[in-house]
Amino acid sequence: MTTATSSSYPPPPPYYRLYKDYERDPASAPDPPPPIQGAFPLFGATYTTDVVLPTLEDQGVRQLYPKGPNIDIKKELRSLNRELQLHILELADILVERPSQYARKVEDISLIFKNMHHLLNSLRPHQARATLIHILERQIQRRKQAVEDIKKTRWCFC
């Protein structure tokens, strides 16, 4: 009594039959499914294919830096970092002098971290572009080096 669940080598899924003539005619294989567009459910949550960074207001967080498309992210990150350092020092003082009042300062620090995190996430597309450029430049460099190695090897055997 062998079944698919007890066999050490279960049978392949039934859609393998769609590829039975693939070796003779590769065009006979079914086309891949189209890419998903819009919203889709995944593990109980709804996701979307739109790559949009939600604003801090959408997340229910107060924005500490100016609004608008032309902000200097580097300057704002430095400003938030200085403010964070100040709040951490104040938290240390509060913990020493009046430990029961630390919650407000921790909330302020959390707000600063959320703002910094949002600013850093807004730089992700630039980071991805720069990483891709770097990878492509390295590939070009390796290919040029491979061509040079082939040329050197060819001249040695002549």
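## A tour from salt bridges to a hairpin

Start by selecting R104, E107 and D108, which a network of salt bridges ties together (a salt bridge being a side-chain nitrogen of Lys or Arg within 4 Å of a carboxyl oxygen of Asp or Glu). Before going on, note that this is a predicted model, where local features need pLDDT of at least 70 and side-chain atom pairs count only at pLDDT 80 or more, while totals for chains, interfaces and linings use all residues. Residues are numbered from 1 along each chain as its sequence is written, and side-chain values use heavy atoms, with hydrogens and water left out.

Side chains of opposite charge can pair when their charged atoms come close.

Next, pick K105 and E90: their closest N and O atoms sit 2.5 Å apart in a salt bridge. This pair links distant parts of the chain, with K105 in helix α2 (residues 102-122) and E90 in helix α1, 15 residues apart. Helices here are DSSP runs of H or I with at least four residues, strands are runs of E with at least two, and both are numbered from the N terminus. Is K105 buried or exposed? K105 counts as buried because its relative accessibility is 11%, whereas E90 is partly exposed at 27%. The cut-offs are under 20% relative accessible area for buried, over 50% for exposed and partly exposed in between, using a 1.4 Å probe and protein chains only.

Now move to E97 and R98, another salt bridge, with 3.3 Å between the closest N and O atoms. E97 is exposed, with a relative accessible area of 60%, and R98 is partly exposed at 36%.

Then select R24 and D21, whose salt bridge has its closest N and O atoms 3.0 Å apart. R24 counts as exposed at 71% relative accessibility; D21, at 31%, counts as partly exposed.

**A nonpolar patch**

Show the surface and select Y15, L18, Y19 and Y22, which make a nonpolar patch of about 460 Å². Patch residues have over 30% relative accessible area and no salt bridge; nonpolar side chains (Val, Leu, Ile, Met, Phe, Trp, Tyr) are joined within 5 Å, like charges within 9 Å. Of these residues, L18 lies in the segment before β1.

**The hairpin**

Follow the chain to strands β1 (residues 39-42) and β2 (residues 45-48), which run antiparallel and are joined by 4 bridges. Strands pair if DSSP finds at least two bridges between them. The hairpin has 2 residues between the strands, and F43 takes a positive phi near 50°.

**Last stop: Q63**

Select Q63, in the loop between β2 and α1 (73-97). Q63 counts as buried, since its relative accessible area is 19%. Which backbone oxygen lies 3.2 Å from a polar atom of the Q63 side chain? It belongs to Y65. The Q63 side chain also reaches the backbone oxygen of P66 at 3.4 Å. Polar contacts are N or O pairs within 3.5 Å; within protein, one atom must be able to donate a hydrogen and the other to accept it, and residues adjacent in sequence count only if both atoms are side-chain atoms.

Terms used: Areas by Shrake-Rupley, 256 points an atom, 1.4 Å probe, with all protein chains shown as cover.
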